Amino acid sequence: MLTFEQLSGQQDSHLIEAEAGHKLQKAVATAFSAMREAAASDGVGVDLLSCFRSFERQMRIWNEKWHGLRPILDDRHQPLDPQLLSDKEKLFAILRFSALPGTSRHHWGSDFDVFDAKAVHACDQPFQLISEEYQPHGPCFELSTWLSHHADAFGFYRPYTGAAGSVAPEPWHLSHRATAEPLIAQMTSERLGPLLEKTDLAGKDTVLLHLDEIIRRYVRF
Ligand SMILES: [Zn+2]
């Protein structure tokens with residue numbers, strides 16, 4: 001059970017430092033260490049890329065996308081022209097790749113992104129964190145295959161499979177099921193709406209208008 005401040009990324013008092021710069025809940029960090037050790041003994045690197053992200057950080061990403069300071073990509077990783085989108089279209093285009101601040105699973109300390117640092121650094125292409133890098137011929141394919149076979153044994157699963165009308169596939173994103181599942185139902189528009197009202201969230205009016213749908217499609221899927 002988390003407080004609303006923890007659930008929404010405003011506080012990180014539920015977390016420990018799993019590694020320098022990477023915060024997770026203690027049980028999640030322990031399960032991750034065991035999984036990483038097992039992968040290493042199979043010759044596969046599982047390295048943390050991104051763990052806890054605060055509400056503030058998520059809002060910076062969101063606002064930059066909304067204001068056109070960061071690209072909004074389509075499913076083929078091509079930038080969309082924000083001028084050609086209505087606010088509602090822009091909202092759902094951003095949600096395909098970025099969570100609404102307050103609803104990111106990265107707030108919870110149960111979820112994190114992984115890559116194979118050694119394989120990525122050995123590769124001469126810049127790393128973009130896209131699905132192709134986790135597919136055959138990509139630097140993280142071996143890691144991804146290993147996770148498909150073994151992550152479950154350590155209590156982890158991939159919540160973002162790319163189902164229609166939801167978040168794009170994220171083969172790098174792992175969730176500790178026992179920690180994350182009880183949290184899903186705790187986020188409601190009744191709790192999140194008043195928080196968002198008080199912030200400088202870009203596109204706030206459009207977000208609030210669609211908040212129930214956002215939580216249904218992108219949190220409680
Ligand atoms: Zn992630």
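## How the terms apply to a predicted model

Q: What makes β4 count as mostly covered?
A: Four of the five residues of β4 are buried. A residue is buried if 20 or more other C-beta atoms, placed from the backbone, lie within 10 Å of its own; with 12 or fewer it is exposed, and in between it is partly exposed. Strands (E, at least two residues) and helices (H or I, at least four) are DSSP runs numbered from the N terminus. The model is predicted, and local features need pLDDT of at least 70, side-chain atom pairs count only at pLDDT 80 or more, while totals for chains, interfaces and linings use all residues. Residue numbers start from 1 along each chain as its sequence is written.

Q: How many helices and strands does the protein have, and what share of its residues counts as buried?
A: There are ten helices and six strands. Of the 221 residues, 36% count as buried.

Q: How do you know whether the radius of gyration agrees with that of a compact globule?
A: The radius is taken over C-alpha atoms, and the globule rule is 2.2 Å times the number of residues to the power 0.38. For 221 residues a compact globule would have a value near 17 Å, and the protein has 17 Å, so the two agree. The C-alpha atoms fill a box of roughly 50 × 40 × 30 Å along the principal axes.

Q: Which strands form the open sheet, and in what order?
A: The order is β3-β4-β6-β5, with antiparallel pairing. Two strands pair if DSSP finds at least two bridges between them. Three bridges join β3 to β4, and three join β4 to β6. Between β5 and β6 there are two bridges. In these pairs L48 stands opposite V114 in β4, F112 stands opposite L174 in β6, and Y157 stands opposite S175 in β6.

Q: Why is one side of β3 and of β5 left without a neighbour in the sheet?
A: β3 (47–50) and β5 (156–157) each have a single partner strand, so they stand at the edges.

Q: How do you know where the buried residues of α7 lie around its axis?
A: In α7 (residues 177–184), the buried residues are T179, A180 and L183. They cover an arc of only 85 degrees, which puts them on the same side of α7. The arc is that of the directions from the helix axis to the C-beta atoms. An α-helix has 3.6 residues a turn, so residues three or four places apart point the same way.

Q: What do the buried residues of α7 pack against?
A: They pack against α1 (4–7), α2 (26–41), β4 (111–115) and β6 (173–176). Contact here has a cut-off: two residues are in contact if their C-beta atoms, placed from the backbone, lie within 7 Å. α7 lies across β4, β5 and β6, at about 85 degrees to β6. Such angles run from 0 to 180 degrees between N-to-C directions, with axes fitted to C-alpha atoms, for helices over the stretch in contact.

Q: Why do the buried residues of α10 line one face of the helix?
A: The buried residues of α10 (residues 211–218) are I214, I215 and Y218. Seen down the axis, they fall within an arc of 100 degrees, so they line one face. What covers them includes α4 (87–95) and α8 (189–197).

Q: Which residues touch the most other members of the largest nonpolar core?
A: They are L24, F32, M35, V114 and L143, in a core of 26 residues. A nonpolar core is a set of buried Ala, Val, Leu, Ile, Met, Phe, Trp, Tyr and Cys residues joined through C-beta atoms within 7 Å. α2, β4 and α6 give two or more residues to this core, and α2 gives the most, with six. Apart from this core lies another, of 21 residues, among them I72, A180, V207 and I214.
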